[in-house]
Amino acid sequence: MHIDKGKCIGCANCVPVCPMGAIYIGDDRLSEINPDACVECHACYKGMSVENLPQQPTRALRGILSFFKLRFQPDPDICPTGAITPDELTWPRTLRRAFSDPQVPHESTGVGGRGTQEVKTNDITGRVKEGEAGFTVEFGRPGVGSRFADADKLCRRLAKMGVEFQAENPVRLSWATRRRENCDRTS
């Protein structure tokens, strides 16, 4: 996600909307997004109404009102100027979005909903056989999911212990696809 500094008026309405705490007010008193904390769930973009007020007059009005100790504070679910815009995502941010936004299908499985179909349909897929144990790691779910760096550490340790990973695993498929694409480019 991106906040257009030319449109932002610093109302901070977007700050509490972000379930990851990735949006904050910067030193310039305008909203900013920490790209490392943003999981591309688009909750800020989809969850806020937009009034499309002109930025310069709105910012000037806020300045005048603040001089008189008054505030122009739009309703909390509104970005008055439409400053929040989605970025054109490249990998691995596309992967981050696929695991965070339930409306986006995962590129390797074609299934939307954060991969929950793969987990919830074991009675149909039979991926975990009788006598086996399976577990999932929730990626990207805003506010409660794990981060890829943490999952990477866990998976590397499990691999050293001989744990097998599901071949149809969306994360494994994404990494394998990306690795093949990188090898094709370098050869």
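**Notes on a predicted model**

1. Let's start with helix α3, which spans residues 93-100. Six of its eight residues are buried, so the helix is largely enclosed by the rest of the structure. If you want to find the buried ones on screen, look for L95, R96, R97, A98, F99 and S100. Keep in mind throughout that what you have here is a predicted model, not an experimental one.

2. E40 sits in the loop between β3 (31-33) and α1 (43-47). Is E40 buried or exposed? With a relative accessible area of 2%, E40 counts as buried, because the cut-off for that label is under 20%. Its side chain makes a polar contact of 2.8 Å with the side chain of R93. Setting aside neighbours within four places in sequence, E40 is also in contact with M1, L89, R96, R97, S100 and D101.

3. M1 turns up again in the nonpolar core. The largest such core has 16 residues, and those with the most contacts inside it are M1, I3, C14, A22, I23, I33 and I84. Which residues does A22 touch, leaving aside its neighbours within four places in sequence? The list is E32, I33, N34, A37 and C38.

4. Next, have a look at P142, in the loop between α5 (122-125) and α6 (148-160). P142 has a relative accessible area of 19%, and it counts as buried because the limit is under 20%.

5. Take the contacts between residues at least 6 apart in sequence: 63% of them join residues at least 24 apart.

6. I64, F67 and F68 make a nonpolar surface patch of about 380 Å². I64 belongs to helix α2, which covers residues 55-67. For the protein chain as a whole, the accessible surface comes to about 11900 Å², and 54% of that belongs to carbon and sulfur atoms.

7. Last, the overall layout. How many helices and strands does the protein chain have? There are seven helices and six strands. Of the 187 residues in the chain, 32% count as buried.

Methods
Residues are numbered from 1 along each chain as its sequence is written. This is a predicted model: local features need pLDDT of at least 70, side-chain atom pairs count only at pLDDT 80 or more; totals for chains, interfaces and linings use all residues. Side-chain values use heavy atoms; hydrogens and water are left out. A nonpolar core is a set of buried Ala, Val, Leu, Ile, Met, Phe, Trp, Tyr and Cys residues joined through side-chain atoms within 4.5 Å. Buried means under 20% relative accessible area, exposed over 50%, partly exposed in between (1.4 Å probe, protein chains only). Contact means heavy atoms within 4.5 Å. Helices (H or I, at least four residues) and strands (E, at least two) are DSSP runs, numbered from the N terminus. Patches are made of residues with over 30% relative accessible area and no salt bridge: like charges are joined within 9 Å, nonpolar side chains (Val, Leu, Ile, Met, Phe, Trp, Tyr) within 5 Å. Accessible areas come from the Shrake-Rupley method with a 1.4 Å probe; for residues, only the protein chains shown count as cover. A salt bridge is a side-chain nitrogen of Lys or Arg within 4 Å of a carboxyl oxygen of Asp or Glu. A polar contact is a pair of N or O atoms within 3.5 Å; within protein, one must be able to donate a hydrogen and the other to accept it, and residues adjacent in sequence count only if both atoms are side-chain atoms.
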